[in-house]
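Open the model in your viewer and keep the selection tool at hand. The stops below say what to pick and what is there.

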Amino acid sequence: MTAAEIIPSFPAATRVWRRNLRVFSKVWKGALLPQFFDPLFYLLALGFGLGTYLATVNGIPYKQFVGAGLMSSAVMWAATFETTWNIFFKMEETRLYDSVLSTPVEVQDLVLAEVAWAATRAVIYGTTFTLIVAIFGLVDSPWAILTPIFLALGGACFGMLGLAFTSLIKTMDWYSFYYTLFITPLFLFSGIFYPLDRLPDWVHVVAWFTPLYHLVQITRGLVLGPDAVSVLGNAAWLVAVTAALFVIPARALRRRLVA
Amino acid sequence: MTAAVRARGLVKRYGAIVAVDQVDFEVPSGICFGFLGPNGAGKTTTMKMIYGLAHVDEGELSVLGLDARRQRREVKARIGVVPQEQNLDRELTVRENLAVQALYHGVRSDGRIEELLDFTLLRERAEAKPVELSGGMKRRLLIARALVNEPDLVVLDEPTTGLDPQARIAVWRLLEGLRSQGVTLLITTHYMEEAERICDQLVIMDGGRIVSEGAPNELLQRYDERNLEGVFLQVAGHELRE
């Protein structure tokens, strides 16, 4: 694989991203609502339901604790949907990428564009949910205004992970493994619903290797009053992993689409 | 005049299968050049190597004077592609499909799109989605899309397969119009009458190799046949359609 096959062109990637924005601008009402209700129901059921019995966690009101965590999972789900089902459909069903790759766009531009788009969608969903959390009065710190930047990093990381998986699978059946063995466990075990502090050390070690844990650390920090070093450290983890994974879909999609 | 496409010793393998086997050909600029042969002859693979959707395993391939192996972006900027499969953007209307194609190419589109809607007789369906179009209209849209960047060379893979006779004639008229504007056309087909009607020159492919080449009339004379079907039978040793 040569440099010409791995280094993306930003103008070309921007064009593909703009196509996605154009499609989204036509369907956003139908697309935005369902995914937006999901974290809202979790917030109501757990934060306001269970939270009635569990007053505080580490001194933080439970609904506030959960609300800040759910901002992260909203991002995870949005970015993951985008680069799993949606990408597979464009790749194998409508053969859209064959037509895009017949223009000056190359495979690595497509990878950059789709991950950037997944991050964009994740920011739209995550920020909307952040506003809800703020409306419920669960935001303490003015630093929460910076949340979208970090939601974008988290969205890019989950977008890249989903795209890497998509680029390697032959049929959509594999997604049930991706969701049940990866995404759902992350949702449950990344510190959204309970802190990991009092759990055994190995839990922390495992959690450190998962992206959602880092994103939850960031969003909770920003909403409740941040520790700048912790926020930036977790953000660096997300950026590093996203960048390191780039080569997987870039190579696998080239093999797949440019045989 | 330089050749629009020049291939020397072109080879493409898929595992143990040799899809294109040491192929040489030269497409002069400004004509309609055909690849005639049955399914599986290697025509589509040859086209994909030209428009950058298949890697060249061996040999040299120059497209519009550029190295198709190393200058892919430059090549793709100057050609138009009409694929065999319908890969229109289903989420977008006819007009938006053309606008997004201009976007991918980074070219201004305003006047060009209107011109193409007229040229391909799609103006009245400009706001329709691909799913609402007939087979012939979809094919015309694919042709319009391939022309957005004002290409010097248009590659068309089986442009009339699956179309009814009327729609086929409409596509032929478009292609004749393009050729008269000086655009080089490269088409694959397994229809004899199509090759005879619109191709100035053609090669006959079978089993990944080029088995004969020339102008349609020249081939008929050389093999003393009344149609290309007979020519194919002589040079390939089997029928074009099995």
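**Stop one: a covered helix**

Select helix α5 of chain B and show what surrounds it: its buried residues pack against β6 (79–82), α3 (94–105), α4 (110–119), β7 (153–157) and α6 (165–180) of chain B. Contact here requires C-beta atoms, placed from the backbone, within 7 Å. Helices (H or I, at least four residues) and strands (E, at least two) are DSSP runs, numbered from the N terminus.

This is a predicted model, in which local features need pLDDT of at least 70 and side-chain atom pairs count only at pLDDT 80 or more, while totals for chains, interfaces and linings use all residues. Residues are numbered from 1 along each chain as its sequence is written, with chains lettered from A and ligands numbered from 1 in the order in which they are written.

α5(B) covers residues 135–147. How many of its 13 residues are buried (20 or more other C-beta atoms within 10 Å of a residue's own)? The count is 11, including M137(B), L141(B) and R145(B).

**Stop two: the core**

Next, select V75(A), A122(A), V154(B), V155(B) and L185(B), the residues with the most contacts inside the largest nonpolar core, which has 137 residues. Helix α4 of chain A (residues 107–135) gives the most to this core, with 15 residues. Such a core is a set of buried Ala, Val, Leu, Ile, Met, Phe, Trp, Tyr and Cys residues joined through C-beta atoms within 7 Å.

**Stop three: a hairpin**

Finally, pick strands β9 (residues 201–206) and β10 (residues 209–214) of chain B, which pair in the antiparallel sense over 5 bridges; pairing takes at least two bridges found by DSSP. V203(B) stands opposite E213(B). The hairpin has 2 residues between its strands, and G207(B) in the turn has a positive phi of about 55°.

Methods
The expected span of a helix is 1.5 Å times one less than its number of residues. A residue is buried if 20 or more other C-beta atoms lie within 10 Å of its own, exposed if 12 or fewer, and partly exposed in between; C-beta atoms are placed from the backbone. Two residues are in contact if their C-beta atoms, placed from the backbone, lie within 7 Å.
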